[in-house]
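Visitor: I have a model open and would like to talk through it. Where do we start?

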Amino acid sequence: MAFWGDYHTHTIYSHGKGTIEENVIRALKSGLKEIAITDHGFRHMTYNVRRMDWKTMRQETEFLKTKYPSINIYLGLETNLSSRRGKADILPSDMPMLDLVICGYHKFVLPDKLSDFGMFFLPNFIFGNTEKSSAKLIKRNTDAYIKLLENYSVDIVSHINYGIKADAAEVARACRHFGTYVELNGKRISMTDKELEIIASEGTEFICDSDAHSVERVGDFSVPVAAIERVGIPYAQIANWERLPRFRSRKEKGLYKD
Ligand SMILES: [Zn+2]
Ligand SMILES: [Zn+2]
């Protein structure tokens, strides 16, 4: 019994310590069939992938695909939720170059519009995932996630409620509607067990990722497994447990034959 893929890992191209190849080798050693390289999106102020590096990353990935044919390697991005209107820091023209699209909320991201600084980033920076977030802010954040899923073919929403507070069950319902996976993040899970229980009971599909920022952590699913066991989430609802996930953006690109 095992996880078959790790779809959220970072490299030296953003905030990670290892190279793409080191992450791939580690994934192979961990017995994974698939790995995604998903560095931080373009508008993160400190850990972003630079657009000028993308071509090199793609060339490196294509080379590694031929060097290690026994593992599927995806080159994607962990894009940033950058506005209260559900904007991510990618352009529609970026979609064809991404094998996989993760999106999550992070601090220190260039807002889409100036008003998003005052109405989205600043209040979330101050209140984060705390009880102090007002009902109005929680609603605004929830709407931002839902609009994001309407606007983009997001495959995975990373670490819901990390540094932000939204109605996680509502966000998960939207994920289910659009065919996006809810992530159980390998560094931390910011949804409460109660929220996870509700989300799981409604049939949501989760994906477990390491969110590795160092090579040794690639394929480390211990935090998600602890949550699965604690909450009693059925393994049948884990998209990368003993099976390969079917990603929304890849479905829309017609990349699945059957
Ligand atoms: Zn993240
Ligand atoms: Zn990450």
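This is a predicted model: local features need pLDDT of at least 70, side-chain atom pairs count only at pLDDT 80 or more; totals for chains, interfaces and linings use all residues.

Visitor: OK. At what angle do α6 and α7 pack?

Guide: The angle between α6 and helix α7, residues 222–231, is about 75 degrees, and their axes are 10 Å apart. The two helices are therefore roughly perpendicular to each other.

Visitor: Which residues meet there?

Guide: From α6, Asp193, Leu196, Glu197 and Ala200; from α7, Ala227, Arg230 and Val231. By class, that contact of α6 with α7 has four nonpolar, no polar and three charged residues.

Visitor: And α5 against α6, what's the angle there?

Guide: Helix α5 covers residues 168–178 and helix α6 covers residues 193–201; they pack at about 30 degrees, with axes 9 Å apart. Angles under 35 degrees count as roughly parallel, so α5 and α6 are roughly parallel to each other.

Visitor: Is that crossing left-handed or right-handed?

Guide: The crossing of α5 and α6 is right-handed. On the α5 side the contact is made by Ala168, Ala169 and Ala172, and on the α6 side by Glu195, Ile198 and Ile199.

Visitor: How do the residues of the contact of α5 with α6 divide?

Guide: Five are nonpolar, none is polar and one is charged.

Visitor: Zooming out. How many helices and strands in the chain?

Guide: The chain has eight helices and seven strands. Its C-alpha atoms fill a box of roughly 50 × 45 × 35 Å along the principal axes.

Visitor: What percentage of the residues count as buried?

Guide: Of the 258 residues, 49% count as buried. On contacts: among those in the chain with a separation of 6 or more, 79% are between residues 24 or more positions apart.

Visitor: Give me a residue to look at. Where is the place of valine 109?

Guide: Valine 109 sits in the loop between β4, residues 101–104, and α3, residues 114–127. The cut-off for buried is 20 or more other C-beta atoms within 10 Å; valine 109 has 26 and is therefore buried.

Visitor: What is valine 109 in contact with, leaving aside its neighbours within four places in sequence?

Guide: Arg43, His44, Met45, Asn80, Ser82 and Asp89. Take arginine 43: valine 109 and arginine 43 are 66 residues apart in sequence, and 5.6 Å separates their C-alpha atoms in space.

Visitor: Now backbone angles. What is the phi of phenylalanine 108?

Guide: Phenylalanine 108 has a positive phi of about 55 degrees, although it is not a glycine. Most residues other than glycine have a negative phi. Phenylalanine 108 lies in the loop between β4 and α3, and it is partly exposed, because 13 other C-beta atoms lie within 10 Å.

Visitor: And asparagine 161, what is its phi?

Guide: Phi of asparagine 161 is near 75 degrees, again positive in a residue other than glycine. Asparagine 161 is found in the loop between β5, residues 156–157, and α5.

Visitor: Is asparagine 161 buried or exposed?

Guide: Asparagine 161 is buried, because 22 other C-beta atoms lie within 10 Å of its own.

Note on methods:
Residues are numbered from 1 along each chain as its sequence is written. Chains are lettered from A and ligands numbered from 1 in the order in which they are written. Axes are lines fitted to C-alpha atoms, for helices over the stretch in contact, and angles run from 0 to 180 degrees between N-to-C directions. Helices (H or I, at least four residues) and strands (E, at least two) are DSSP runs, numbered from the N terminus. Angles under 35 degrees count as roughly parallel, over 145 as roughly antiparallel, 65 to 115 as roughly perpendicular and the rest as oblique. A crossing is left-handed if the near helix is turned anticlockwise from the far one by less than a right angle, and right-handed if clockwise. Two residues are in contact if their C-beta atoms, placed from the backbone, lie within 7 Å. Ala, Val, Leu, Ile, Met, Phe, Trp, Tyr, Cys and Pro count as nonpolar, Asp, Glu, Lys and Arg as charged, and the others, Gly among them, as polar. A residue is buried if 20 or more other C-beta atoms lie within 10 Å of its own, exposed if 12 or fewer, and partly exposed in between; C-beta atoms are placed from the backbone.
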